[in-house]
Amino acid sequence: MSQHAIHRHRHHYGPDPSQWGELFLPDLPPGTRHRGVVVVIHGGYWRSTYGAELGEPLARDLAEHGMAAWNLEYRRAGNGGGWPATFDDVLAGIDHLAGLADRYTLDLRTVVALGHSAGGHLAVWAAGRDRPGGVRLTGVVSQSGVLDLAEAERLHLSDGAVANLLGGPSSEFPGRHRDADPMAALPLEAPVYAVHAEADQDVPSSMSTRYVQASLAGGVPARLVTVPGDHFSLIDTTHPAYARCRELVRGLLR
């Protein structure tokens with residue numbers, strides 16, 4: 001581990017208690033800027049049971065390794081989230097970095113998202129949004145992300161988490177299911193690493209493999225990276241699976 005001193009700064013991007021993010025910043029040499037920002041997006045199958053406490057150790061670790069990190073909270077299903085609030089929050093939270101850039105010497109030419117599970121879905125989905133004037137994601141590391149919503153619905157993952165997020169089944173709301181699916185945003189211009197844990201029992205590997213296969217048709221093809229461990233090894237900062245994710249993030253920031 002490096003010896004960077006860490007500075008933390010929490011900011012709200014909206015009036016709801018869940019609309020906030022926390023910057024984790026390493027010390028900088030005088031006259032320099034942080035080389036890009038990592039947006040950490042936590043998982044939990046989009047439910048309010050889980051929050052940004054899942055992303056906090058990752059954001060801290062990234063800062064300890066010299067990277068600026070923005071641990072993003074958002075409204076989830078059960079506390080005002082769902083369609084479209086969860087999606088609006090993720091975009092608003094990323095865009096909020098524009099107002100913080102000068103104050104914290106952030107270089108926003110490179111903004112990489114690190115998303116776990118449902119957060120991987122939101123990260124890759126956000127990378128596919130064309131928003132003139134918004135903060136653009138220049139790369140994503142998805143950690144066992146739910147990247148194929150149609151398949152996730154068919155498999156009834158986590159007791160119907162997809163329908164819970166989107167307010168009903170695709171048979172009732174086909175438009176929102178399509179708009180929320182990262183598969184529908186292909187091809188992407190930003191590189192995506194679809195990292196998946198070999199022993200993942202929570203999100204099947206088909207979520208990553210199907211996305212990568214579909215990405216081969218154009219744009220910047222996603223890359224599949226298989227790592228040892230289970231679903232939570234990916235967010236265990238002492239585990240080799242997470243270390244691999246951190247190095248992929250570092251590579252995207254260069």
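**Entry 1: the cavity**

I looked up the largest cavity and found a volume of about 40 Å³. I noted what the term covers: on a 1 Å grid over the protein atoms alone, a cavity is a set of points where a 1.4 Å probe fits but cannot get out, while a pocket is an open set with protein on both sides within 12 Å along at least five of seven lines; lining residues have an atom within 4 Å of a point. Grid points are joined across faces, edges and corners, and a volume is the space filled by probe spheres set on the points. Searching the whole structure gave one cavity of 30 Å³ or more.

The model is predicted: local features need pLDDT of at least 70 and side-chain atom pairs count only at pLDDT 80 or more, whereas totals for chains, interfaces and linings use all residues. Residues are numbered from 1 along each chain as its sequence is written, and side-chain values use heavy atoms, with hydrogens and water left out.

I listed residues lining the largest cavity, among them Val40, His42, Leu58, Leu114, His116 and Ile235. Strand 3 and strand 5 are the elements that give two or more residues to this lining. Strand 5 has the largest share, three residues. By class the lining has six nonpolar, six polar and no charged residues. (Ala, Val, Leu, Ile, Met, Phe, Trp, Tyr, Cys and Pro count as nonpolar, Asp, Glu, Lys and Arg as charged, and the others, Gly among them, as polar.)

I found about 270 Å³ of space in the largest pocket. Its lining has 17 residues, and Ala127, Arg129, Asp130, Arg131 and Arg136 are the closest to its centre. I sorted this lining into nine nonpolar, three polar and five charged residues.

The second largest pocket has a volume of about 230 Å³. Of its 17 lining residues, Arg35, His65, Gly66, Met67 and Arg250 lie nearest the centre. Here the classes are six nonpolar, six polar and five charged.

**Entry 2: the fold**

I counted nine helices and eight strands. Both are DSSP runs numbered from the N terminus, helices being H or I of at least four residues and strands E of at least two. The radius of gyration is 17 Å, close to the 18 Å that the globule rule gives for 254 residues, so the protein is as compact as a globular protein of that length. (The radius is taken over C-alpha atoms, and the rule is 2.2 Å times the number of residues to the power 0.38.)

The eight strands form an open sheet in the order 1-2-4-3-5-6-7-8, with mixed pairing; two strands pair if DSSP finds at least two bridges between them. Strand 1 (6–12) and strand 8 (223–227) are the edges, each pairing on one side only. Strand 1 pairs with strand 2 (residues 20–26) in the antiparallel sense over seven bridges. I also checked His7, and its bridge partner in strand 2 is Leu25.

Most residues other than glycine have a negative phi, and most peptide bonds are trans. I therefore looked for exceptions. The bond from Trp83 to Pro84 is cis, with omega near -5°. Pro84 sits in the loop between strand 4 and helix 2. Leu186 and Pro187 are also joined by a cis peptide bond, with omega about 5°. I placed Pro187 in the loop between helix 7 (174–180) and strand 7 (192–197). Ser117 is not a glycine, yet its phi is positive at about 60°. Ser117 lies in the loop between strand 5 and helix 4 (118–127).
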